[in-house]
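Colleague: I am new to this structure. Could you walk me through how to read it?

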Amino acid sequence: MLDLHTHVIPAVDDGSDSIGTSLSMLRTAREDGVTVVAATPHFDRASGYANYAYDELESSFLRLKYEAEGMGVRLVRGMEIMADEDVPDLLDEGLLWTLGGTKYFLTEFRFEEDPEYCMRYLGLCLGRGYMPVIAHPERYMFIQRDPQIAYRWCRTGCGLQINRGSLLGRFGEQARLTAMRLISHGLAALVSSDAHGTHRRTARLADARDLVSEEFGGDFAHLLFTRNPSRILEGKELLGFEPFPFN
Ligand SMILES: [Fe+2]
């Protein structure tokens with residue numbers, strides 16, 4: 001499996017607090033059958049995480065990449081980029097990390113956001129040739145109320161990334177139900193851990209994969225946990241069945 005959403009770089013956001021925690025997270029991932037991990041620190045200036053692709057972040061990444069290799073895990077670059085209208089310029093300038101250096105990048109919205117703002121932002125990014133992968137749409141209140149918004153995102157070509165914890169009910173019943181609804185409507189491209197540490201939000205994926213496999217079949221679980229994330233890192237188009245609307 002590949003895990004394209006983790007806060008595994010130490011001491012740069014609300015994820016891993018030390019190199020020891022980071023190594024423990026990678027060990028957990030490997031034990032669970034994960035062989036490729038994207039390190040996706042928050043880029044969210046309003047929350048104090050101004051993680052630009054500068055030398056300091058690069059060297060933390062390279063150190064962890066070296067350690068990961070020793071465990072049989074390939075670490076690749078990424079960021080969880082909070083939506084902002086200057087993101088396309090920052091991507092063009094190479095100041096933000098896309099997923100594995102491809103046109104795909106992980107992005108997120110505030111839990112309450114104006115759907116028109118979201119669409120304008122996604123349009124700006126797509127217009128520059130970037131492919132947004134939207135982190136945990138099932139956790140946004142405006143998507144829980146109106147999942148049709150996620151259908152429109154999908155139709156523009158964006159990928160939707162579901163959190164493992166949402167499927168397990170860790171973010172409440174609304175997030176769990178919305179995750180299942182998005183998957184069953186053909187809107188989910190991949191599932192990732194969004195791991196923040198070694199206790200609550202861990203780097204495991206096998207339990208969520210088994211759950212998806214039981215509900216939707218093994219081939220479909222393979223698509224969401226292995227095949228689509230691989231295709232993202234190869235810069236290839238996402239696969240899945242034709243999405244269908246909610247109303
Ligand atoms: Fe995250």
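Colleague: Is strand S1 (residues 2–6) buried or exposed, and why?

Modeller: Keep in mind that this is a predicted model. A residue counts as buried if 20 or more other C-beta atoms lie within 10 Å of its own. In strand S1, five of the five residues are buried, so the strand is largely enclosed by the rest of the structure.

Colleague: Which strand pairs with S1?

Modeller: Here is the general idea. Strands of a sheet pair through backbone hydrogen bonds, either parallel or antiparallel. In this case S1 pairs with strand S2 (residues 36–39) in the parallel sense, over three bridges. Leu-2 has Val-36 in S2 as its bridge partner. Between S1 and S2 the chain passes through helix H1 (residues 19–31), and this β-α-β crossover is right-handed.

Colleague: What is the strand order in the open sheet of seven strands?

Modeller: Read it as S4-S3-S6-S7-S8-S9-S10, with mixed pairing. Strands S4 (49–50) and S10 (190–192) stand at the edges; each has a single partner strand, so one side of each is left without a neighbour in the sheet. S10 runs parallel to strand S9 (residues 159–163), joined by three bridges. There, Gln-161 stands opposite Leu-190.

Colleague: Which residues touch the most other members of the largest nonpolar core?

Modeller: Val-37, Val-133 and Leu-160 do, in a core of 69 residues. Helix H10 (residues 218–233) gives the largest share of this core, five residues.

Colleague: What is Val-37 in contact with, leaving aside its neighbours within four places in sequence?

Modeller: Its contacts include Asp-3, Thr-6, Leu-26, Ala-29 and Leu-75.

Technical notes: Residues numbered from 1 in each chain as written. Predicted model: local features only at pLDDT ≥ 70, side-chain atom pairs only at ≥ 80, totals over all residues. Pairing = 2+ DSSP bridges. Helix = DSSP H or I, 4+ residues; strand = E, 2+ residues; numbered from the N terminus. Buried ≥ 20, exposed ≤ 12 C-beta atoms within 10 Å, placed from the backbone. Right-handed = clockwise from strand over helix to strand, strands pointing away. Core = buried A, V, L, I, M, F, W, Y, C linked by C-beta atoms within 7 Å. Contact = placed C-beta atoms within 7 Å.
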